[in-house]
Amino acid sequence: MKLNEYKKKRDFSMTPEPKGDVKPSEGKIFVIQKHDARHLHYDLRLEMDGVLKSWALPKEPPTKPGIKRLAIKTEDHPVNYAGFEGTIPEGHYGAGSVEIWDNGTYEVEEKLDDRMVFQLKGKKMKGEFVLIRFKGEEKNWLFFKKK
Ligand code: MN
């Protein structure tokens, strides 16, 4: 099950985060959530195969070409997580505040296991972006704006 890891990490009687299910929607949405947890980071999420494929960026997302950012693959999230903003309580997974930093739709131009090229249509993130997995690594990807 795609969301097992997501559900295992959370106590839904305590966190305001959505429980969610695998649920494909019509369009392809993306969201970047600013997550002020133990370390401030940005969570990039792309709707794919009925879930939100997710990467954590330790630094601010690249709005211009020439900026390369580390993107660490994290567990799939339910599609309705894209609308989530709120505070995850102390002592729980991801404790801290979550706010939507940017969102919109995206279109895939190229998709391989270790490389993806896509157009983001957000307010801050606009244009062609690339995610490339580091050779021989599972979780570490590079994320940048192509043009
Ligand atoms: Mn996060």
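Buried means under 20% relative accessible area, exposed means over 50%, and partly exposed lies in between, with a 1.4 Å probe and protein chains only. Of the 147 residues of the chain, 42% count as buried by this rule. The model is a predicted one, in which local features need pLDDT of at least 70 and side-chain atom pairs count only at pLDDT 80 or more, while totals for chains, interfaces and linings use all residues. Residues are numbered from 1 along each chain as its sequence is written, and side-chain values use heavy atoms, with hydrogens and water left out.

## Overall form

The chain has 1 helix and 9 strands, where helices (H or I, at least four residues) and strands (E, at least two) are DSSP runs numbered from the N terminus. Read along the sequence, these elements follow the pattern α-β-β-β-β-β-β-β-β-β. The radius of gyration, taken over C-alpha atoms, is compared with a globule rule of 2.2 Å times the number of residues to the power 0.38; for 147 residues a compact globule would have a value near 15 Å, and the chain, with 15 Å, agrees. Along the principal axes, the C-alpha atoms fill a box of roughly 45 × 35 × 30 Å. Contact means heavy atoms within 4.5 Å, and among contacts in the chain with a separation of 6 or more, 48% come from residues 24 or more positions apart.

## The manganese site

Donors are N, O and S atoms within 2.8 Å of the metal (3.2 Å for Na, K and Ca), and water is not among the atoms, so sites may look incomplete. The protein donors of the manganese ion are His35 through ND1, His41 through NE2 and Asp43 through OD, at 2.2 to 2.3 Å from the ion. Along the chain these donors follow the spacing H-x5-H-x1-D. Both His35 and Asp43 are buried.

## Nonpolar cores

A nonpolar core is a set of buried Ala, Val, Leu, Ile, Met, Phe, Trp, Tyr and Cys residues joined through side-chain atoms within 4.5 Å. The largest such core has 19 residues, of which Leu46, Trp55, Phe118, Leu120, Met125, Leu131 and Phe143 touch the most other members. At least two residues of this core are supplied by each of β1 (29–36), β2 (40–48), β3 (51–57), β6 (96–112), β7 (115–121), β8 (126–133) and β9 (140–145), and the largest share, 4 residues, comes from β2. Apart from this core lies another, of 10 residues, including Val31, Val51, Ile88 and Val98.

Not counting residues up to four places away in sequence, Phe118 touches Leu46, Tyr106, Glu107, Val108, Glu109, Gly127, Glu128, Phe129, Leu131 and Phe143. Glu128, one of these partners, lies in strand β8 and is buried, with a relative accessible area of 8%. Leaving aside neighbours within four places in sequence, Glu128 is in contact with Glu109, Val117, Phe118, Gln119, Phe144, Lys145, Lys146 and Lys147.

## Aromatic rings and charges

Rings of Phe, Tyr and Trp (its six-membered ring) pair if their centres lie within 6.5 Å, and planes under 30 degrees apart count as stacked, over 60 as edge-to-face and the rest as tilted. The structure holds 8 aromatic pairs. One of them is the tilted pair of Tyr6 and Phe12, at 5.9 Å centre to centre and with 40 degrees between the planes. Tyr6 is buried, with a relative accessible area of 0%, whereas Phe12 is partly exposed at 23%. Tyr6, Phe12, Tyr81 and Phe84 form one aromatic cluster.

A charge sits over a ring if NZ of Lys or CZ of Arg is within 6 Å of the ring centre and within 35 degrees of the ring normal. The table gives two such placements.

| Charged residue | Ring | Distance to ring centre |
|---|---|---|
| Lys68 | Phe144 | 4.8 Å |
| Lys73 | Trp55 | 4.7 Å |

## Loop residues

Asp49 lies in the loop between β2 and β3 and is partly exposed, with a relative accessible area of 46%. Most residues other than glycine have a negative phi. Asp49, although not a glycine, has a positive phi of about 55 degrees.

Asp114 is placed in the loop between β6 and β7 and is partly exposed, at 35% relative accessible area. Beyond its neighbours within four places in sequence, Asp114 is in contact with Leu131, Ile132, Arg133 and Trp141.
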